[in-house]
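Hi everyone, thanks for coming.

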Amino acid sequence: MKVLFISLGCDKNLVDSEHMSGLLSKAGYQFTDDEEEADIIIINSCCFINDAKEESIETIFDMARYKEDGHCQALVLAGCLAQRYIDEIEEEIPEIDICIGTTAIDSIVEALDSFFEKKEKIKKLKQIDYLAGADAPRNLSSISSYAYLKIAEGCDKHCTYCIIPKIRGNYRSVPMEKLLKEAEELARKGIRELVLVAQETTVYGKDLYGEKTLHILLKKLAAIPDIRWIRILYCYPEEIYGELIDVMAEEQKICHYLDIPIQHASDLILKRMGRKTTNAEIRKQIAALRRRIPDIVLRTTLITGFPGETQKDHEEILQFVEEMKFERLGVFTYSPEENTPAAEMDHQIPEDIKTARRNEIMELQQNIVFHKAGQLLGKTFLTMIEGKISGENAYIGRTYRDTPGVDSNIFVMTNEELMTGDFVRVTVTGTNDYDLIGELCQEENR
């Protein structure tokens, strides 16, 4: 039988999809990209914010028609939407044949076998703190030289705007030996860059080993010969610690890049969000990182229009962004999520004000990014090639400064033939909005 996979939402969801795909492949299922010829359609859903929820529901109805217009015999909903609304889905979306929650992804084969045997709807949930997928085989979803390595599941922070702990449970680290085995297998498949992800990476190991051990994991991953880059995402600023900064500074394979989601700069709003840090503490952490690792690239995300946010709070964000000069920054308007404390708070902000404030922050950040890009002219960077531009003597690449699928690219102009996964040295010769343009150095390093 042929399976079509649709993975929505975050990179952590993508890893879950790849583990489900690996289990199905091992069980003898085949895969297709054609909705009309798929016997089974699996949607790995997201419901983190309203837009994601709507996208998931729209995708369900788009795919449901292939039960009439195609070969689809089983429509499967997996992931966050299934976990959060499993009973409502059974009642309101009868087109769904199988629901698999976030903690039951390793039951995908069993669920399909049971459905085709009994011809009745299947629901699969496990205890919310079960660690699913850690032992599952994995099929990479695209031909690339990077892959995500999900080092933990769930979250203990319970920010007032976030539903994740209720969907994915408390924080559970994947045992280090399993991560090393998975990373070695990824390296054998040609992966050259590991992108470490979790709801929060910085507290990795605390639940298993009694203390933060991300720095130990990084050292062991760096010892895998064919891995060239290791990138760390989703580091809460209050949890970044000395040994982690030291290993980043000392180990050449670890990219000098951190994603630090701070969400706001006003102490009042940070407190209402349930965040465990302050403006002054964030500034101190950023200063420490830049002092120890001068060429570090920092990415952050902000939420604008949080309940109770005043114009003064907004101006505090603007001042903070202007002074910190983040290399990468994204802004989201606050989305009230049912069953979260923030959704019930007084002083909800109108959508037009949220949007106007977001646009003002992004306009400021654009000027910062363009100025920083101009300062890179003439500098040379090790660059990973990710593909060729059709019909041109130009390749798409990334430097350590850019996370795949999120940040910018560098367009490498050369007559030489390069391959995806090659590492070459490139000198920056120009800019194109957020992207860079460069030329291959003579002293290239593949």
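Predicted model: local features only at pLDDT ≥ 70, side-chain atom pairs only at ≥ 80, totals over all residues.

Residues are numbered from 1 along each chain as its sequence is written, and side-chain values use heavy atoms, with hydrogens and water left out.

So where is Arg-84? Arg-84 is in helix α4, residues 80–84. Helices here are DSSP runs of H or I with at least four residues, strands are runs of E with at least two, and both are numbered from the N terminus. Is Arg-84 buried or exposed? It's buried, at 16% relative accessible area. Buried means under 20%, exposed means over 50%, and partly exposed is in between, with a 1.4 Å probe and protein chains only.

Next, Gly-101, in the loop between β5 (98–100) and α6 (108–118). Gly-101 is buried too, with a relative accessible area of 0%.

Okay, charges. Side chains of opposite charge can pair when their charged atoms come close. We call it a salt bridge when a side-chain nitrogen of Lys or Arg is within 4 Å of a carboxyl oxygen of Asp or Glu. How many salt bridges does that give? The count is 36.

One of them joins Lys-157 and Glu-239, at 2.7 Å from N to O. Lys-157 is in the loop between β8 (152–153) and α7 (164–168), and Glu-239 is in the loop between β11 (229–232) and α11 (242–250), so this pair ties together parts 82 residues apart in sequence. Lys-157 is buried at 14%, and Glu-239 is buried at 15%. Both also belong to a salt-bridge network with Glu-200, Lys-212 and Glu-238.

Another salt bridge links Arg-283 and Glu-323, with the closest N and O atoms 2.7 Å apart. Arg-283 is in helix α13 (residues 279–292) and Glu-323 is in helix α14 (residues 311–324), so here the connected parts are 40 residues apart in sequence. Arg-283 is partly exposed at 25% relative accessibility, and Glu-323 is partly exposed at 39%.

Then there's Glu-327 with Lys-372, a salt bridge at 3.3 Å, N to O. Glu-327 is in the loop between α14 and β14 (328–333), while Lys-372 is in helix α15 (residues 351–374), 45 residues away. Both residues are buried.

Last topic: backbone angles. Most residues other than glycine have a negative phi. Which way does Tyr-234 go, positive or negative? Tyr-234 has a positive phi of about 60°, and it's in the loop between β11 and α11. Gln-263 also has a positive phi, about 75°. You'll find Gln-263 in the loop between β12 (254–259) and α12 (267–273), where it's buried at 11% relative accessible area.

That's my tour, thanks!
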